[in-house]
Amino acid sequence: MSNSSSLNEFLLLGFADTQELQLLHFLLFLGIYLAALLSNGLIITAVSCDHHLHTPMYFFLLNLSLLDLGTISFTVPKSMTPTSGKLELLWLVCV
């Protein structure tokens, strides 16, 4: 007997109902998001500009940074938006 269920989307519920906690949540995720953007941007810039770093290890590190930029640029801003109810995220877009 096989499992025939499938997952197309998931719900992201709000963390807090009070305005102060929503602001704290927003500022915390904004700081983490900006730190991730800065660190991935520095890795991409360093590997792209320095010809000594054009080796397979740094090529894969560059690709990992690009992948991380793509995933966090979709999921983190969606979680930072103030929602009064539920926020639906498509599973295929996140994967």
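These notebook entries record what I looked up in the structure shown above.

**Entry 1. Basis**

I worked from a predicted model, in which local features need pLDDT of at least 70, side-chain atom pairs count only at pLDDT 80 or more, and totals for chains, interfaces and linings use all residues. Residues are numbered from 1 along each chain as its sequence is written, and side-chain values use heavy atoms, with hydrogens and water left out.

**Entry 2. The chain**

I found three helices and two strands in the chain; these are DSSP runs (helices H or I, at least four residues; strands E, at least two), numbered from the N terminus. Along the sequence their pattern is β-α-α-β-α. Of the 95 residues, 18% count as buried, where buried means under 20% relative accessible area, exposed means over 50%, and partly exposed lies in between (1.4 Å probe, protein chains only). The chain exposes about 7400 Å², and carbon and sulfur atoms supply 70% of that area; accessible areas come from the Shrake-Rupley method with a 1.4 Å probe, and for residues only the protein chains shown count as cover. I also looked up contacts (heavy atoms within 4.5 Å). Among those between residues at least 6 apart in sequence, 68% join residues at least 24 apart.

**Entry 3. Helix H1 and the UniProt spans**

Helix H1 covers residues 19-49. I checked its length: the 31 residues should span 45 Å at 1.5 Å a residue, and the end C-alpha atoms are 44 Å apart, which agrees. The expected span is 1.5 Å times one less than the number of residues.

The unreviewed UniProt entry lists residues 23-45 and 57-76 under "transmembrane region"; its positions are given in the numbering used here, feature names are shortened, and annotations may be inferred rather than shown by experiment. In the model, residues 23-45 are 100% helix and 0% strand, with end C-alpha atoms 32 Å apart. Residues 57-76 are likewise 100% helix and 0% strand, with end C-alpha atoms 28 Å apart.

**Entry 4. Where H1 meets H2**

Which residues of H1 are buried? I noted His25, Tyr33, Ala36, Asn40, Ile44 and Val47. The buried residues of H1 pack against helix H2 (56-80).

I then followed Ser65, which lies in helix H2. Ser65 counts as buried because its relative accessibility is 3%. Leaving out residues up to four places away in sequence, Ser65 touches Asn40, Ile43 and Ile44.

Ile43 belongs to helix H1 and, at 28% relative accessibility, counts as partly exposed. Ile43 and Leu66 are 23 residues apart in sequence and 9.4 Å apart in space, C-alpha to C-alpha.

**Entry 5. A nonpolar patch**

Leu23, Phe26 and Leu27 make a nonpolar surface patch of about 270 Å². Leu27 is located in helix H1 and is partly exposed, with a relative accessible area of 48%.

Methods: Patches are made of residues with over 30% relative accessible area and no salt bridge: like charges are joined within 9 Å, nonpolar side chains (Val, Leu, Ile, Met, Phe, Trp, Tyr) within 5 Å. A salt bridge is a side-chain nitrogen of Lys or Arg within 4 Å of a carboxyl oxygen of Asp or Glu.
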